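Hi,

Here is the structure I promised to pass on to you. Have a look at it first, and then read on for my notes.

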Amino acid sequence: MRDPDNVLRQQGWSPEFLSAASIESVQTEYEVLHLMRQCADHFGFSHFLVSRFPANEQQRFAERLLVSSWPADLVRKYDAMHLFHLSRLAIETGVTKLPVQGDSSLLAPSDWENGQAGEAIALAESHGLAASTAFLLHSTTSDPYLMAFSGTQAPLVRRELADLHFAALQLFECLERTFAAATAGREKLSSREVECLRWAAAGKSSDEIAIILGISAYTVSSYFKSATRKLKAVNRMQAIAIALRLRLI
């Protein structure tokens with residue numbers, strides 16, 4: 001039997017945490033995180049994430065995450081599998097504008113012959129990600145993003161899916177607004193700093209970047225230091241993640 005909140009949702013009730021006032025007041029990623037946690041709880045999910053859509057295997061799963069309630073251990077282990085861009089979650093959401101629902105195999109490779117399929121499913125289920133509902137969303141600049149809610153929730157009915165989808169759009173708009181605010185509040189990166197971060201995101205070492213750009217490794221290191229400072233990051237990896245999140249690279 002479904003809970004009373006579901007009945008109210010089917011009658012067109014909208015959760016208070018997504019009122020016009022609460023949406024307009026959001027200014028930081030922390031506030032978006034709080035709203036997403038409330039949204040997940042409201043619809044019976046335990047985990048959620050928003051990530052840049054995985055276009056290829058160059059960038060790590062952890063670097064693509066924007067907002068997430070996944071435990072650090074789960075992120076680390078899933079990242080080590082290098083499966084995000086091959087997962088059913090990415091493949092199936094990438095070919096439809098409709099919500100995608102599925103069990104723990106959504107995090108596994110779409111190719112069942114991949115030997116890591118069973119390991120990915122076991123990892124998901126061990127952390128309570130027995131089922132997920134996901135959406136493909138686009139920023140105002142047409143960049144693709146993926147939002148997913150996971151837990152042990154039974155598949156949502158049509159009306160619940162519609163409500164969650166609309167909530168996802170509202171939450172994503174809030175998140176995108178924080179991107180613009182964060183970009184405006186940071187010093188502008190130089191073209192060289194952007195190039196160094198872009199090549200690092202593609203997996204190149206400082207020595208390789210030095211050869212590509214025709215500069216010394218010491219100069220590359222200096223660009224990384226200045227870019228890290230401007231992005232208010234604690235290290236190079238975080239600087240890359242922030243630059244990706246702000247669409248600077």
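At what angle do the axes of helix α9 and helix α10 cross? Please keep in mind that this is a predicted model. The axes of α9 (residues 191-201) and α10 (residues 206-213) cross at roughly 130° and come within 10 Å. The crossing of α9 and α10 is right-handed.

On the α9 side, the residues in contact are Arg192, Glu195, Cys196, Trp199 and Ala200, and they meet Ile209, Ile212 and Leu213 of α10. Six residues of this contact are nonpolar, two are charged and none is polar.

Next, a look at helix α12. This helix covers residues 236-245, and seven of its ten residues are buried, so it is largely enclosed by the rest of the structure. The buried ones are Ala239, Ile240, Ala241, Ile242, Ala243, Leu244 and Arg245. At its start, asparagine 235 brings a side-chain oxygen to within 3.3 Å of the backbone nitrogen of methionine 237. Just after the helix, arginine 247 has a positive phi of about 60°.

Arginine 88 counts as buried because its relative accessibility is 16%, under the 20% cut-off. Leaving aside residues up to four places away in sequence, arginine 88 touches Thr93, Asp103, Ser105, Leu106, Ala108, Pro109 and Ser110.

Notes. Residues numbered from 1 in each chain as written. Predicted model: local features only at pLDDT ≥ 70, side-chain atom pairs only at ≥ 80, totals over all residues. Heavy atoms only, no water. Axes fitted to C-alpha atoms, helices over the stretch in contact; angles between N-to-C directions. Helix = DSSP H or I, 4+ residues; strand = E, 2+ residues; numbered from the N terminus. Left-handed = near helix turned anticlockwise from the far one by under 90°. Contact = heavy atoms within 4.5 Å. Nonpolar A, V, L, I, M, F, W, Y, C, P; charged D, E, K, R; others polar. Buried < 20%, exposed > 50% of the residue type's maximum accessible area, 1.4 Å probe, protein only. Polar contact = N/O pair within 3.5 Å; in protein donor to acceptor, adjacent residues only side chain to side chain.
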